[in-house]
Every structure is written in structure tokens, then in C-alpha cells.
Amino acid sequence: MAARVTRRAALGGGAALFLASCGGGDPPPSGGAEPGSGAGLLGSLLALERAVIAAYSASASVLRADSLRLSREIRAQEEEHVRRLERAIRDLGGEPPAGRAAAEYERQFPHLRTQADALRFLEDLEERQLRGYLEALAELPDLELRTMAAEIGADEGEQLAVVRVLAGGPASPHPFETGAL
Amino acid sequence: MSGAPTRRALLGAAAALALAAPAYAQRGRSDVEILEELLALEARLAGVYEAALRRDAIDKGLGELLLEQEREHIRGLEQALRSVGDRAPRAGVAPPGLGPALRSPEAFAGFALELEAQAVAAYTSASAEITRPGLRRPLGSIMACESAHEVALRASAGLPLLAGAARGE
């Protein structure tokens with residue numbers, strides 16, 4: 001039987017391809033950060049945050065009412081995360097890599113025709129972003145950096161739940177987000 | 001659940017819990033102590049949702065979902081605790097202020113939101129602090145679930161879905 005690709009799977013695949021390309025073209029933090037300090041990992045999280053901000057901006061044209069208002073609030077939180085990650089990289093002696101132009105990100109997005117398309121895309125991005133912070137928790141060598149990753153991860157969990165509710169789904173469908181004990 | 005919680009009900013519930021809130025950011029705890037504290041917190045959350053369901057203080061579907069997920073967290077933490085040590089978990093005790101919070105869905109929403117916020121804070125500290133790297137991600141995944149519980153409670157109570165500024169700023 002021929003496999004049928006759903007629109008949701010296509011959007012999810014679009015998010016995966018897009019995110020796979022996010023880190024690849026972005027240079028690691030330059031400067032004097034020590035190898036193993038966590039600066040490289042923070043640089044990857046920073047690249048992802050910037051890409052997600054671009055995705056919220058690109059989605060604004062199809063989002064309406066509460067979805068549009070809340071997406072702007074979430075984007076503002078993501079911008080705070082960017083500032084926090086940049087500070088942390090500098091504190092480690094590195095220089096945060098510059099982001100890309102919005103148009104460059106948008107060229108890689110799937111075509112978002114409706115609000116439902118945008119919310120599915122954003123849900124997938126939020127889930128992948130949360131996974132990134134949870135993986136960083138296991139890998140970052142310093143307690144303060146892990147605390148920062150956990151705090152941002154808690155924000156991402158909240159944002160993911162908000163996007164799910166806006167999409168008409170349950171806020172908390174799983175007892176263990178993105179993983180199991 | 002009928003209507004949004006009044007500001008007074010929310011503040012009253014939050015004040016009762018804030019007085020009893022433990023300091024979750026203590027450093028220097030052993031991994032066993034961290035897991036035991038989380039287990040006691042989860043037992044308290046499960047007990048609170050059980051009581052709310054019995055008293056019709058929460059929407060039945062939401063209350064059952066949250067209760068089942070807290071029980072899953074308890075099972076996971078018990079499993080983790082068995083893998084790192086064999087101390088007996090402490091008994092959960094009902095948080096102060098539960099009685100008045102059960103008098104109305106509005107009061108309970110504020111009470112449960114404060115308790116879930118304490119859980120998020122506890123898991124945020126624990127997932128960074130625990131020395132076994134293999135436990136950090138699973139604890140983080142429960143932390144994210146408790147964040148989602150906050151959103152579920154706000155949605156049910158007609159409150160703004162997003163709390164406000166990013167954490168830690």
C-alpha cells in the first residue's frame with residue numbers, strides 16, 4: 001500500500017529539515033571560550049532560538065486574534081532567551097555568532113497557508129526546542145549553565161502547551177515531555 | 001468549571017501556599033534527597049487533585065488527567081529512587097490551605113496553580129543540581145509537563161494562558 005503523507009507530517013518534516021539546517025550554517029561562538037565549557041552547545045541553542053523567532057514572525061501573517069497576540073508574547077520571551085544565551089556565551093569568553101537575515105530563515109520554512117498550518121509548525125518547533133534544552137541539561141558542565149537551561153526549558157514547556165491549546169489540543173498530552181524516566 | 005477565579009480567591013490561595021513553600025534552590029543535597037523531595041511534592045499534588053475531584057472543585061476530565069500524570073511521575077521517581085538508593089520515601093502531607101481551596105472551583109484553581117508553580121521551580125532546581133547526568137533530562141521532561149499543567153489550569157479557569165516574562169530574568 002502506498003504511503004500517504006499527511007499535511008501535518010509534511011509540516012513536521014518541514015520543521016525537521018529547517019531545524020537541521022539552522023545549526024549547520026551558523027558558525028560556533030568565536031573568541032576565547034574553552035573547549036568543553038559549553039559555549040558551543042549554547043551557540044547551537046542560540047541558533048535555534050533565532051530560527052524560532054523568525055518562525056513566529058513569519059507565522060504572524062496567518063495567525064489571528066488570541067493566536068496572534070500570544071505568539072507575539074511567546075516571541076518576546078524567546079528574545080529574552082536569546083539575550084540570556086548571548087550573555088552566557090560572552091561570560092564564557094566567547095562571542096555569540098551573528099544570526100541570519102529573516103528572509104534567509106523564511107526561505108527554508110514550509111508554506112504556511114492557514115492558522116492551523118502555522119500552529120502545527122510552531123508546535124513542532126517548540127517541541128524540538130524543548131528537546132534541545134533537555135539534552136543540554138545532561139551535557140552542560142556547569143551548575144549555573146544547567147540552571148539557565150532548565151529555566152528556559154520550563155518556559156519552552158509552557159510555550160509548547162500554549163501553542164497546543166491554541167491549536168485545539170490538550171495542553172499536557174504526555175506525563176513526560178519529549179522523553180521518559 | 002464556572003467563571004474565572006476572582007483575584008481575591010487567587011491571592012488567598014497563593015498566600016496560604018507561599019507561607020508553606022519550601023526552599024527548592026538549596027544546594028548541596030544528595031541525589032536521594034532531591035528525589036525524595038520531588039516524590040513528596042508529587043504525592044502532595046496527587047492528593048490535592050484526588051481531593052478536588054471528590055469535592056467537584058475541578059473539571060472532572062482535567063482533574064483526572066492531571067491526577068493520572070502526577071501518578072506517572074510518582075512511579076517514575078520511585079523507579080529512579082530505587083536505582084540510586086534505598087531510603088524510604090517520606091509520606092506526603094496535605095499542604096496548608098487545601099480545605100478553603102476546595103470550597104469553590106475558583107479558589108481551587110488559584111491553589112493548584114501555586115502548587116504547580118512550586119513543582120516547576122522544584123524540578124528546575126533538581127534537574128540542574130542532580131549529579132547523575134542520566135537523570136537530568138527525565139527530570140526536565142517532568143518539569144516541562146508541570147509547566148503544561150499550569151497552562152491547562154489557566155485555560156480551564158479562563159485565565160491568560162501565558163504567565164508573563166521569561167523565567168530567570
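## Chain A at a glance

Helices (H or I, at least four residues) and strands (E, at least two) are DSSP runs, numbered from the N terminus. By that count, chain A has six helices and two strands, and from the N terminus on they follow the order α-β-α-α-β-α-α-α.

A word on what you are looking at: this is a predicted model, where local features need pLDDT of at least 70, side-chain atom pairs count only at pLDDT 80 or more, and totals for chains, interfaces and linings use all residues. Residues are numbered from 1 along each chain as its sequence is written, chains are lettered from A and ligands numbered from 1 in the order in which they are written, and side-chain values use heavy atoms, with hydrogens and water left out.

## The nonpolar cores

In soluble globular proteins, nonpolar side chains tend to be buried together. A nonpolar core here is a set of buried Ala, Val, Leu, Ile, Met, Phe, Trp, Tyr and Cys residues joined through side-chain atoms within 4.5 Å. Buried means under 20% relative accessible area, exposed over 50%, and partly exposed in between (1.4 Å probe, protein chains only).

The largest core holds 81 residues, and L35(B), Y49(B), I58(B) and F108(B) have the most contacts inside it. Helix 2 (residues 31–54) of chain B gives the largest share of this core, 13 residues. Apart from it lies another core of 15 residues, including L42(A), L46(A), V82(A) and L145(A).

## A buried histidine

Let's visit H81(A), in helix 3 (residues 65–91) of chain A. H81(A) counts as buried because its relative accessibility is 1%. Its side chain makes a polar contact with the side chain of E156(A) (3.1 Å). A polar contact is a pair of N or O atoms within 3.5 Å; within protein, one must be able to donate a hydrogen and the other to accept it, and residues adjacent in sequence count only if both atoms are side-chain atoms.

Contact alone means heavy atoms within 4.5 Å. Leaving aside neighbours within four places in sequence, H81(A) is in contact with several residues, among them E49(A), I152(A) and A166(B).

## Burial and contacts in chain A

Of the 181 residues in chain A, 52% are buried. Among contacts in chain A with a separation of 6 or more, 82% come from residues 24 or more positions apart.
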